[in-house]
Amino acid sequence: MRLTRTSDLWWKTAVIYCLDIETYADGNGDGCGDIRGLIQNIDHLDRLGVTCLWLMPFFPTPDRDDGYDITDFYGVDERLGSLGDVVELIRTARDRGMRVIADLVVNHTSAQHPWFQSARSSPDSPYRDWYVWQDEPPADGPQGVVFPDQETSVWEYDEKAKQYYLHRFYKHQPDLDVANPEVRDEIARIMGFWMELGLSGFRVDAVPFLLETDGQDDATALPDPHDYLADLSAFLRRRNGEAVLLGEVNLPYPDTMTFFGANDGGGSTDELTMCFDFIGMQQMYLSLARADAEPLAETLRQRPAPPEDGHWATFVRNHDELTLDKLTESQRKEVFDAFGPDEDMQLYGRGLRRRLPPMLEGDQRRIRMVYSLLFSLPGTPVLYYGEEIGMAEDLSLPGRFAVRSDMDWAAAREQQSDPGSLLSWMRMLVECYRACPELAWGRYTILDPGQDARPVLAHRCDADGVTVVALHNFADQEVVAAPVLQGLSRLVLTDVLDPRAKPVRSRKDGTISVTLPPYGCRWLRCVQDR
């Protein structure tokens, strides 16, 4: 693969950093994080090497779902700042080479949104058809509640409207009817508004739910939901050819692939630019629990290649529970037993409300190996605020809030000038990731790590005559990895993470032999003769 057309596909080599303004940095001393506080601390992100900020919802809200219940898609929550502050943030980020994207939460609104208040007031309201109503919950309607500890149905009877309305999430978040052309036009206006202020795209919340039309009276006559997603994508790129849509799609790989749009083995994405790799993430935790790289290795062998202009988004942690819903029941129990044995650490029976460092009992070897893995895997790495300093969860907070506690700036300052700190390790990983564009652009291959090396994930990325081989040991024991590197006989591979390390030479048959310490990791790079 030639490294061409790289400048306009910036997401291929981006480092994305997700944060919640409310819990990140307090700029005015009122006890609540705000946009000015983020601006004041943006150099922390610049030094880390972040190139794209992902902002969780900052819109006006009753705050019953951490800002995901929105009452005005065109405003800013007054606790956090103003539209002027948003523009200043985007300008400041741009000055440091960072783009900014924001959550696009248009599957639903808050029940307090003026649209819904009007919709429920009268059947003749112009907003009545902006939501999904039924006289009785339909048998063929959507099944399964997202929050089983708090909701028993996806339909709620409204006394004023005298009908049931659909809510895939909480009852105070009625779903918008995306099949309604007026709703579609409004979503495009929302996107256009924020792009005019400088956003470089959106992380699209709950994409499968957004496109859902089950249970609607005219469902069979409705247009293909994917056509709508393609329309949104086309609108976005007309406004800004470099803008992205990063989709939250937690589905098996074949189903997720449909959200990229047309994929003929190359070319452009017609729908989402990137999709999170939820399947790979879950298998990574199973591999960690077993001290066996094979579950992750097998998953990566099966992971489909996205369209040439698209990418997978890889992550260790996000702002929700660490979902394990795509594991089998027995596999999920393995991960629970290893990393969240107490019931209070678990959520909804499908995930963990924990951050990585406590899950790994603070073992810096394992923690650093996991983040080395993140930056070497094919995909765009996404960090969640506080990961760079090893923040722990706060289990005294309810539900998902355990992993949404305030940013620990004291720990950040403590690690700032310490070359042995996790923060310094993360900065180094970002620098090495930047120095190896083949990790993002190359063709990757999962390698056989060799006899008795099952704990090791070995993979290679090839692009433009350059190869990077990454080795990660999931076990608390020394392992000798001996993968065969086809086409790389009698070449010298230098260590990217530690330039002082002794180079590795491949044998005549392309085999290399590398001794990895417990939880060790190495990136080896060679340039082929041309």
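The sulfur of Cys52 lies 10 Å from the closest cysteine sulfur, in Cys18, which is too far for a bond. A disulfide here is a pair of cysteine sulfur atoms within 2.5 Å. The structure holds zero disulfides. This is a predicted model: local features need pLDDT of at least 70, side-chain atom pairs count only at pLDDT 80 or more, and totals for chains, interfaces and linings use all residues. Residues are numbered from 1 along each chain as its sequence is written, and side-chain values use heavy atoms, with hydrogens and water left out.

**Cysteines**

- Cys18 is in no disulfide; its nearest cysteine sulfur is that of Cys52, 10 Å away.
- Cys18 counts as buried because its relative accessibility is 2%. Buried means under 20% relative accessible area, exposed over 50%, and partly exposed in between (1.4 Å probe, protein chains only).
- Cys52 is buried as well, with a relative accessible area of 0%.
- By way of background, a disulfide is a covalent bond between the sulfur atoms of two cysteines.

**The barrel**

- Eight strands form a closed barrel, in the order S1-S2-S3-S7-S8-S9-S10-S14, with parallel pairing. From one strand to the next, the twist averages 25 degrees.
- Helices (H or I, at least four residues) and strands (E, at least two) are DSSP runs, numbered from the N terminus. Two strands pair if DSSP finds at least two bridges between them.
- Helix H14 (residues 364-376) packs on the sheet and touches strand S10 (311-315) and S14. The direction of H14 makes about 140 degrees with that of S14. Axes are lines fitted to C-alpha atoms, for helices over the stretch in contact, and angles run from 0 to 180 degrees between N-to-C directions.
- Strand S8 (residues 244-247) and strand S9 (residues 274-276) run parallel, joined by two bridges. Gly247 has Cys275 as its bridge partner in S9.

- S1 pairs with strand S2 (residues 52-55) in the parallel sense, over four bridges. Tyr17 stands opposite Leu53 in S2.
- S1 also runs parallel to strand S14 (residues 380-384), with three bridges joining them. There the bridge partner of Tyr17 is Leu383.

**Nonpolar cores**

- The largest nonpolar core has 151 residues. Such a core is a set of buried Ala, Val, Leu, Ile, Met, Phe, Trp, Tyr and Cys residues joined through side-chain atoms within 4.5 Å.
- The residues with the most contacts inside this core are Tyr17, Leu19, Tyr24, Leu53, Phe58, Tyr285 and Trp523. Helix H16 (residues 422-435) gives the most to the core, with nine residues.

**The three-stranded sheet**

- An open sheet is formed by three strands in the order S4-S6-S5, with antiparallel pairing.
- Strand S4 (133-134) and strand S5 (155-158) are the edge strands, each pairing on one side only.
- S4 pairs with strand S6 (residues 163-166) in the antiparallel sense, over two bridges. Trp133 has Tyr165 as its bridge partner in S6.

**Helices H15 and H16**

- The axes of helix H15 (residues 409-416) and H16 come within 8 Å and cross at roughly 70 degrees.
- H15 and H16 are therefore roughly perpendicular to each other. Angles under 35 degrees count as roughly parallel, over 145 as roughly antiparallel, 65 to 115 as roughly perpendicular, and the rest as oblique.
- Ala412, Gln415 and Gln416 in H15 meet Leu422, Leu423, Ser424 and Arg427 in H16. Contact means heavy atoms within 4.5 Å.

**Two single residues**

- Val204 is found in strand S7 (residues 201-204). Val204 counts as buried, at 3% relative accessibility.
- Beyond its neighbours within four places in sequence, Val204 is in contact with residues including Leu104, Leu210, Gly247 and Leu272.
- Arg96 is in the loop between helix H4 (83-95) and strand S3 (99-104). Arg96 is partly exposed, with a relative accessible area of 30%.
- Not counting residues up to four places away in sequence, Arg96 touches Ile42, Asp43 and Asp46.
- Arg96 and Gly49 are 47 residues apart in sequence and 9.8 Å apart in space, C-alpha to C-alpha.
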